[in-house]
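Biologist: Please show me the structure, and let us then discuss how its parts are held together.

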Amino acid sequence: SGAVRAGDALYRDADHWLCGNCGHEHGPVTDNFKDSAVIRRSPVDRIGPGFASSLPAFAARMEFREFLCGACGVRFDTEIARTDDSVLHDLTIDRQ
């Protein structure tokens, strides 16, 4: 298929992001694959004991985001961000 690994469960071919588990397309490689993923949002303190904050007001402004394949549910990526921040675009393919 010519797919190249781009992450633990994320692949790409010449034109599209692909789920490494089921092959579902997640948009063109020129776009952010996270935009086509299902996003599960959780409070940061639910990640585990090391992420609990002693400052509830600060913790309430942060979230843990998991980016999942909408077809099979495999997780592609995660990020911790402020609740009002845009989704990070942290993987770009140079098409030269």
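The questions and answers below concern strands, salt bridges and a surface patch.

Modeller: This is a predicted model, in which local features need pLDDT of at least 70, side-chain atom pairs count only at pLDDT 80 or more, and totals for chains, interfaces and linings use all residues. Residues are numbered from 1 along each chain as its sequence is written, and side-chain values use heavy atoms, with hydrogens and water left out.

Biologist: What is the bridge partner of Leu18 in E4?

Modeller: Strand E3 covers residues 16–19 and pairs with E4 over two bridges, in the antiparallel sense. In E4, the partner of Leu18 is Glu25.

Biologist: Is Lys34 buried or exposed?

Modeller: Buried means under 20% relative accessible area, exposed means over 50%, and partly exposed lies in between (1.4 Å probe, protein chains only). Lys34 has 1% relative accessibility, and therefore it counts as buried.

Biologist: How far apart in sequence are Asp90 and Lys34?

Modeller: A salt bridge requires a side-chain nitrogen of Lys or Arg within 4 Å of a carboxyl oxygen of Asp or Glu. Asp90 and Lys34 form one, with their closest N and O atoms 3.2 Å apart. Because Asp90 lies in the segment after E7 and Lys34 in the loop between E4 and E5, the pair ties together parts separated in sequence by 56 residues.

Biologist: Which residue forms a salt bridge with Arg41?

Modeller: Arg41 is partly exposed, at 46% relative accessibility. The closest N and O atoms of the pair are 2.6 Å apart, and the partner is Glu63.

Biologist: What accessible area do Ile47, Phe51 and Ile80 have together?

Modeller: Phe51 is found in the loop between strand E5 (38–42) and helix H1 (56–60). At 41% relative accessibility, Phe51 counts as partly exposed. Together with Ile47 and Ile80, Phe51 forms a nonpolar patch on the surface, and the accessible area of the three is about 240 Å².

How values were computed:
Pairing = 2+ DSSP bridges. Helix = DSSP H or I, 4+ residues; strand = E, 2+ residues; numbered from the N terminus. Patch = residues over 30% accessible without salt bridge, like charges linked within 9 Å, V, L, I, M, F, W, Y side chains within 5 Å. Areas by Shrake-Rupley, 256 points an atom, 1.4 Å probe, with all protein chains shown as cover.
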